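Student: Walk me through one part of this model, please. I'd like a close look at a single spot and whatever surrounds that spot along the chain.

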Amino acid sequence: MTSFCPTTDAAAAADPDAAAPGLFAGRTISELATELRAGRTTSVELTRHALEAIAGSGPRVNAFAHVDAGGALAAARQADREIGEGLDRGPLHGLPTGIKDMIDVAGLPTTAGSAHLAGRVARTDAACVRRLRRAGAVIVGKTTTHEFAYGPTGDRSVHGPTRNPRDLTRMAGGSSAGSAAAVAAGMVAFALGTDTGGSVRIPSALCGVVGFKPAYDAIPTHGVLPLSRTLDHVGVLAPTVRDCLTVHDVLAEREGRGHRLDGAAADAGLAPDTGRVGGLTVGWLTEEAPPPGDPRVAATVRRALETAVGTVPDVVWRRARACRDAFSAIQGAEASALHARRMEQAPGLYDEEVLRRLQAASAVSPERYAAALDTRAALIRAVGELFGRHDVLALPTVPITAPPLGAREVAPDGRVIPVRDALLSLTSPWNVLGLPAFSVPAGAVDGLPVALQLVCRPGDEAKAAALAHRLTP
């Protein structure tokens with residue numbers, strides 16, 4: 001195994017220009033798979049392009065914590081041999097991918113962005129990684145994460161902050177920062193992340209790629225370092241909606257079971273001014289007291305949606321705050337319990353901000369945790385009210401654009417907003433409820449990406465994908 005850990009470039013933090021896109025920027029899995037099978041490229045060539053992109057703009061973006069060049073090229077050579085011999089493992093066969101540094105890959109470090117796990121090397125693959133290998137995907141390395149995945153900003157890690165490829169002075173979002181940045185910069189064809197309160201969708205939104213958090217437990221988390229066991233999800237980041245579903249079908253072992261976005265769904269007709277895509281009904285989710293944000297983000301995202309489907313009616317959700325409160329208690333109690341021994345024995349190995357959050361979380365009482373679990377159970381039973389008249393609910397993924405690196409407050413309309421609260425405000429409820437949710441690019445504000453979040457019931461993913469496909473084919 002040839003492995004290296006990219007260094008950070010201090011000058012990059014002052015560079016306002018976007019990172020130069022790599023080969024995979026804007027290239028779909030289907031296109032790459034077709035070129036491979038037609039002999040117009042090889043897995044080795046694609047893998048070398050990935051490694052060159054990581055080595056080139058990688059240190060400026062800092063999307064990878066560990067790169068396995070030797071292992072990736074060996075896997076690519078095997079993929080080429082198999083394809084040449086007529087063994088076709090499916091659409092991911094021979095395509096380079098990155099795996100978040102919370103997910104075990106045998107023989108590679110899993111450090112979770114923390115000095116606590118320096119030197120830890122995984123002995124076995126996580127279940128989701130085993131499935132990727134069976135599908136022939138080529139793992140080029142481990143992508144950066146906010147320390148222990150406990151933060152939505154992606155700039156607190158022993159490996160340094162991950163920068164947004166769209167603007168290197170901005171944060172990539174977290175905690176799956178490196179996976180989003182790697183896809184946005186065209187370093188890999190797709191990437192895996194984890195999502196406990198928005199950690200796939202937030203960086204996808206800020207970096208301008210598609211992110212998909214499946215239903216709870218749709219993808220096994222065995223071999224994934226936990227943050228909050230009852231909230232953790234494995235998710236996918238990719239250039240398109242179809243790509244996300246293609247990868248998800250492999251990870252959930254759903255090949256051939258009708259979950260993918262087929263041509264009929266992708267091309268469903270529009271019924272003007274009804275909020276409908278074919279037989280699909282869409283509602284715009286609002287709250288009586290919405291969390292603060294940049295009003296231009298919501299306006300831009302809603303305009304993009306209504307350009308695609310016509311006028312979308314409002315759906316007022318009166319339990320959103322209760323859902324966010326339950327999230328805070330559940331995540332805090334479960335995360336602090338997992339870290340109790342480390343906090344006691346070696347607190348100095350944590351990033352200071354992450355340690356403060358864990359210490360504050362340890363104040364969640366057993367009674368508050370139990371009450372939050374009861375609230376969640378009631379919300380899950382009542383969630384049908386959100387979908388009484390609508391198949392898909394739409395809202396911004398995050399209510400602000402990518403903040404500057406290191407920022408902890410922003411004031412887009414004169415009101416000071418805590419960055420962490422804003423980033424998590426619209427994504428965390430769907431982890432509590434365990435519902436599938438897409439984040440799809442939906443325009444820009446001040447030149448920075450903004451995104452639409454589409455939420456549905458388990459089993460209705462193809463319906464949400466049909467709508468998402470309208471915005472980001």
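Tutor: Let's start with Ala149, which is buried at a relative accessible area of 5%; buried means under 20%, exposed over 50%, and partly exposed in between, using a 1.4 Å probe and protein chains only. Before going on, this is a predicted model, where local features need pLDDT of at least 70, side-chain atom pairs count only at pLDDT 80 or more, and totals for chains, interfaces and linings use all residues. Residues are numbered from 1 along each chain as its sequence is written, and side-chain values use heavy atoms, with hydrogens and water left out.

Ala149 sits in the loop between strand 4 (138-143) and strand 5 (163-164). Helices (H or I, at least four residues) and strands (E, at least two) are DSSP runs, numbered from the N terminus. What makes the backbone at Ala149 worth a look is its phi, a positive value near 60° in a residue other than glycine. For background, most residues other than glycine have a negative phi, and most peptide bonds are trans.

Now back up to strand 4 itself. Six of its six residues are buried, so strand 4 is largely enclosed by the rest of the structure. Strand 2 pairs with strand 4 in the antiparallel sense, over three bridges; two strands pair if DSSP finds at least two bridges between them. Phe64 has Thr143 in strand 4 as its bridge partner. Strand 3 (residues 96-100) runs parallel to strand 4, and five bridges join them. There, Pro96 stands opposite Val138 in strand 4. To get from strand 3 to strand 4, the chain goes through helix 5 (residues 127-134), making a right-handed β-α-β crossover. Right-handed here means that, with the strands pointing away from the viewer, the path from the first strand over the helix to the second runs clockwise.

Asn62 lies in the loop between helix 3 (58-61) and strand 2 (64-68). Its phi is positive too, about 60°, although Asn62 is not a glycine. Asn62 is buried as well, with a relative accessible area of 1%.

You'll find Ser175 in the loop between strand 6 (167-171) and helix 6 (177-184).
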